[in-house]
Amino acid sequence: MDAIQQNLLEQVAGLHEIPAGAYNIRANGQMAARNTTANIDITTKEDCSGIDIRIKPGTRNESVHIPVVLSQSGLKESVYNDFFVGEDADVTIIAGCGIHNSGGGTSEHSGIHRFFVEKNAKVRYVEKHYGSGDGSGERLMNPTTEIHLAEGASLEMDTVQIKGIDSTKRVTMAKVAARASLVIREKIMTHGRQYAETDFSVDMDGDDSSVNLISRSVAKEHSRQLFKSRIVGNSKCQGHSECDAIIMDNASVSAIPELTANNIDANLIHEAAIGKIAGEQLMKLMTLGLTEKEAEEQIVNGFLK
Amino acid sequence: MLELKGICYSAEDENREAEILKDINVTVDDRFVAVTGPNGSGKSTLAKIVAGILKPTAGQILLDGVDITDLSITERANLGISFAFQQPVRFKGITVRELLSIAAGKDANMAEICNMLSEVGLCARDYVNREVNASLSGGELKRIEIAMIMARGTKVSIFDEPEAGIDLWSFQNLIHVFEKMHEEIHGSILIISHQERILNIADRIILLADGQIKKVGSKEEVIPELLGAGAHCKTLTDKL
């Protein structure tokens, strides 16, 4: 791996060196490194590009890293990764994609991740997207996440895209069974002429299931964002989604929430707020000695932290 | 020393010019100066004009002889003016530690944060990593706001109704904070307040009414005026 790829790896996975536990590192469309453990197996798919990750029932406190880095300008790929998480397992999965494009071709990575989380298993899933390079070629990323939670299972997903991705369409679908819970926290910042679209769609099919979608975003300059969330309550369940956006300069943000209750005991809430940085926040920080620009940075950094 | 010369401020209110401050002339070089007067008399507007949040329509503001009338909020802050808002501002994602560090102008460590927060009756352990968001009560925010002003330690500190919402923490502690600030900085503390107990510690009281200075003097001179100031109806006077 070269320095550019190492830097991408550090940005998306926080990795300075080879991680402990299971991992699969993909660089420019090829497997660069892989490690499996007694409880976590990783195999290459035969019918398409991608891997299967199988986590044995009862696996505790183990982690899987599956970062992807692209530094070859003009490379386009679609990768299918399936996670099978056994009953009562409790694991952390760290994915992420970094694109460095210093050429003129469009680089594009579409990761399709499917999670099959068995009864009472717990997953923490962290995903980071990052782009760098000063070429004229665009950096595109279109992550699709499909989540199936069995009874009593839970998945917490943290997804972050702060810099450098020109266009992204992020689709997340989930089906949640009885007593299962899903939490998704998303943080997005766009600038320049970037476009980011988020599309959540969650079905709560079992009693006492719950979902909480929290999106915080900042749109700067001429960038555009679209946030769609669709929550369907088919049972006695709790659903909550929240879209909180700061808009700056000439940016544009749309939030389109959709709630459907098909059961009298479905309790669904959506909150959306879009607005510029409050003038009194800027003023307070300026009375503490920051310039207007410094104050703005503080507020944005805090908001996306 | 803070000097206000001929300060006027008017704002548009329902399509007509409302004169909020009219020809304010006053010099502040004492330890504690209280600004008092009925609601709507222009007290908060005066504080905002000194901090640079509002620009006066006429007049001059001097800080230690330097004209600061055209300086920005930031420039005034860096020259030594601090302003505790009447209604503290909330920030999603910014922690108490970060805000106090910005106020102090350096990355404050745990011992320093503990020192700042304990002055306002808060335990650093419980607050240092909390976000300054809607999870904090009005009283907690108000105390953090006061701690920020202490952390800055500038020569002029303005407090807009610091006592409002200070729930269980006592008045005596608030006064102790002002005394301590003065001991450490030897600056001037300008306090906007209706509270007699705060007026009682003031070296000088400025009484504003209807956008004008009605009286400036010691508490002995001003407080009697204040009590007789309102022309209340009989029902209210009987209950006072």
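The residue is Ile188(A). Which strand holds Ile188(A)? What does Ile188(A) touch?

Reply: Ile188(A) belongs to strand E14 of chain A, residues 181-190. The model is predicted, so read every value here as computed from it.

Start with the surroundings of the residue. Within 10 Å of Ile188(A) there are 26 other C-beta atoms. The cut-off for a buried residue is 20 or more, so Ile188(A) counts as buried. Leave out residues up to four places away in sequence, and Ile188(A) touches Gln161(A), Ala196(A), Ser217(A) and Gln225(A).

Now the chain around it. Chain A has 3 helices and 20 strands. Its radius of gyration is 20 Å, close to the 19 Å from the globule rule for 305 residues, so chain A is as compact as a globular protein of that length. The C-alpha trace spans about 55 × 55 × 35 Å along the principal axes. Of the 305 residues, 44% count as buried. Ile188(A) is one of the buried residues.

One pair of strands in chain A can be followed residue by residue. E1(A), residues 22-27, and E2(A), residues 30-35, run antiparallel and are joined by 5 bridges. Tyr23(A) lies opposite Asn35(A) of E2(A). The two strands make a hairpin, with 2 residues between them. Asn28(A) is in that turn and has a positive phi of about 45°.

Next, the side of chain A that touches chain B. Here 16 residues of chain A are in contact with 19 residues of chain B. Two elements of chain A each give two or more residues to this side: helix H2 (279-287) and helix H3 (292-304). H2(A) gives the largest share, 7 residues. By class, this side of chain A holds 7 nonpolar, 6 polar and 3 charged residues.

Across in chain B, look at the open sheet. Its 6 strands follow the order E6-E7-E8-E3-E9-E10, with mixed pairing. The edges are E6(B), residues 81-84, and E10(B), residues 212-217, and each pairs on one side only. From one strand to the next, the twist averages 15°. Inside that order, E3(B), residues 32-36, pairs with E8(B), residues 188-192, in the parallel sense over 4 bridges. Phe32(B) has Ile189(B) in E8(B) as its bridge partner. Helix H6(B), residues 138-152, packs on the sheet and touches E6(B) and E7(B), the latter at 156-160. The direction of H6(B) makes about 170° with that of E6(B).

Finish with another helix of chain B. The buried residues include Lys43(B) and Lys48(B), along with Leu46(B), Ile49(B) and Val50(B). Just after H1(B) comes Gly52(B), with a positive phi of about 95°.

Definitions and conventions: Residues numbered from 1 in each chain as written. Chains lettered and ligands numbered in written order. Predicted model: local features only at pLDDT ≥ 70, side-chain atom pairs only at ≥ 80, totals over all residues. Contact = placed C-beta atoms within 7 Å. Nonpolar A, V, L, I, M, F, W, Y, C, P; charged D, E, K, R; others polar. Buried ≥ 20, exposed ≤ 12 C-beta atoms within 10 Å, placed from the backbone. Rg over C-alpha atoms; globule rule 2.2 N^0.38 Å. Pairing = 2+ DSSP bridges. Axes fitted to C-alpha atoms, helices over the stretch in contact; angles between N-to-C directions.
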